[in-house]
Amino acid sequence: MLASKKWDVLFIENTLSMFNSNTKTLNELFNKVDKVQDSEKALELIDSKHYDILICDLSFEFVDRIKILKLMKHRKPKIAYFALVTENNSDKIFGVADQGIHVFELSPEQFDLALEEISRFNLYVEKVK
């Protein structure tokens with residue numbers, strides 16, 4: 001895989017979030033982006049489709065979202081997992097990174113910058129470890 005490849009992404013969003021998941025940056029940076037709000041739908045998609053990256057908004061439904069991320073990581077370990085959390089919720093992410101989930105602590109203004117960093121992530125290097 002090339003580092004410049006555009007990745008297929010599953011984005012678990014939240015309508016109450018301060019992160020704007022309707023930003024055009026998502027579609028510009030990634031090959032395909034499927035967005036879901038429901039954890040059951042996310043599980044269904046991750047089992048039935050190919051994704052390189054999963055991005056999860058942890059700004060709401062924190063405990064449930066962490067549980068679903070851990071379950072997905074167990075079921076599909078080769079996908080790169082990213083969790084987005086607001087600065088005022090950073091105390092709730094204890095142990096998430098230990099599960100192999102990359103965590104971005106950011107303000108809403110930094111959302112597009114975080115997406116840019118995720119799009120440059122070299123999955124090949126991650127998978128070779």
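What is the relative accessibility of E117, and does E117 count as buried, partly exposed or exposed? At 41%, E117 counts as partly exposed. The legends below describe close-up views of a predicted model.

**View 1. E117 and R120 form a salt bridge.** The two side chains meet at 2.4 Å, N to O. By the rule applied here, the model has four salt bridges.

**View 2. R75 and D47 join two helices.** Their side chains form a salt bridge of 2.5 Å, N to O. R75 belongs to helix α3 and D47 to helix α2, so the pair ties together parts 28 residues apart in sequence. R75 is partly exposed, with a relative accessible area of 37%. D47 is also partly exposed, at 37%.

**View 3. D34 and K49 link a strand to a loop.** The salt bridge between their side chains spans 3.5 Å, N to O. D34 sits in strand β2 (residues 32-36), while K49 sits in the loop between α2 and β3; the pair therefore ties together parts 15 residues apart in sequence. D34 is buried, with a relative accessible area of 16%. K49 is partly exposed, at 38%.

View 4. Y51 is buried, with a relative accessible area of 4%. Leaving aside neighbours within four places in sequence, Y51 is in contact with D8, V9, L10, K32, D34, L45, I46 and I79. Y51 and Y81 lie 30 residues apart in sequence and 10 Å apart in space, C-alpha to C-alpha.

**View 5. The largest nonpolar core has 22 residues.** L10, I12, I46, L54, L69, M72 and Y81 have the most contacts inside this core. Two or more core residues come from each of β1 (8-12), α2 (39-48), β3 (53-57), α3 (62-75) and β4 (80-86). A second, separate core has 19 residues, including W7, L26, L84 and F111.

**View 6. L69 is among the core residues with the most contacts.** Which residues does L69 contact, leaving aside its neighbours within four places in sequence? The partners of L69 are L54, C56, L58, Y81, A83 and I101. Of these partners, L54 and Y81 are also listed among the residues with the most contacts inside the largest core.

Definitions and conventions
Residues numbered from 1 in each chain as written. Predicted model: local features only at pLDDT ≥ 70, side-chain atom pairs only at ≥ 80, totals over all residues. Heavy atoms only, no water. Core = buried A, V, L, I, M, F, W, Y, C linked by side-chain atoms within 4.5 Å. Buried < 20%, exposed > 50% of the residue type's maximum accessible area, 1.4 Å probe, protein only. Helix = DSSP H or I, 4+ residues; strand = E, 2+ residues; numbered from the N terminus. Contact = heavy atoms within 4.5 Å.
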